[in-house]
Amino acid sequence: MGKWYARPVLFVADVQRTVDFYVGKLGFSEKWRFADEVAQVDRDECEIIVSSQRPPKTGMGMLFIELTAEDFKALPETLTSRGVVFTRGHWGYPVVIVDDPDGNQLYFPDPESPAG
């Protein structure tokens, strides 16, 4: 059995605004774009497609992004320094939660938590 590969699609109202957020605030880079409707942003092994093609689904996404313990510990300071609002929450274990401009949520679980 081979390695499975997945790329989530988050639906957004404005692809450029969202790409600007992921690139400028979260340190992603834009990999490709199709017209003004679809783009992909990448950071390390994390690839996310953003699309404005399904307006009823805008802002309904929730994505878990795993970090190393070192990167997780630095995350709050990094987000704050870039002007990114975040909350701390719990999803069976501690998480840091970032909402993108449309309300899609990125959950960063604490890798040192027993369930994380």
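**View 1. Side chains of strand E4 in the predicted model.** In this predicted model, Cys-46, Ile-48 and Val-50 point one way from E4, while Glu-47, Ile-49 and Ser-51 point the other way, and all are buried (under 20% relative accessible area, where exposed means over 50% and partly exposed lies in between, with a 1.4 Å probe and protein chains only). In a regular strand the side chains alternate between the two faces of the sheet. Because 6 of the 6 residues of E4 (residues 46–51) are buried, the strand is largely enclosed by the rest of the structure. Strands (E, at least two residues) and helices (H or I, at least four) are DSSP runs, numbered from the N terminus. Local features need pLDDT of at least 70 and side-chain atom pairs count only at pLDDT 80 or more, whereas totals for chains, interfaces and linings use all residues. Residues are numbered from 1 along each chain as its sequence is written, and side-chain values use heavy atoms, with hydrogens and water left out.

**View 2. Strand partners of E4.** Strand E1 (residues 9–11) runs parallel to E4 and is joined to it by 3 bridges, with Val-9 opposite Ile-49; two strands pair if DSSP finds at least two bridges between them. Strand E3 (residues 38–43) pairs with E4 in the antiparallel sense over 6 bridges, and here Val-41 stands opposite Ile-48, while Gln-40 stands opposite Ile-49. E3 and E4 form a hairpin with 2 residues between them, and Asp-44 in the turn has a positive phi of about 55°.

View 3. The 4 strands form an open sheet in the order E1-E4-E3-E2, with mixed pairing. E1 and E2 are the edge strands, each pairing on one side only. H1 packs on the sheet, touching E1, E2, E3 and E4, and its direction makes about 165° with that of E2 (axes are lines fitted to C-alpha atoms, for helices over the stretch in contact, and angles run from 0 to 180 degrees between N-to-C directions).

**View 4. The buried side of H1.** Val-15, Thr-18, Val-19, Phe-21 and Tyr-22 of H1 are buried. They cover an arc of only 160° around the axis, which puts them on the same side of H1; the arc is that of the directions from the helix axis to the C-beta atoms. Thr-18, in H1 (residues 15–24), has a relative accessible area of 0% and touches Val-12, Val-50, Asp-100 and Asp-102, not counting residues up to four places away in sequence (contact means heavy atoms within 4.5 Å).
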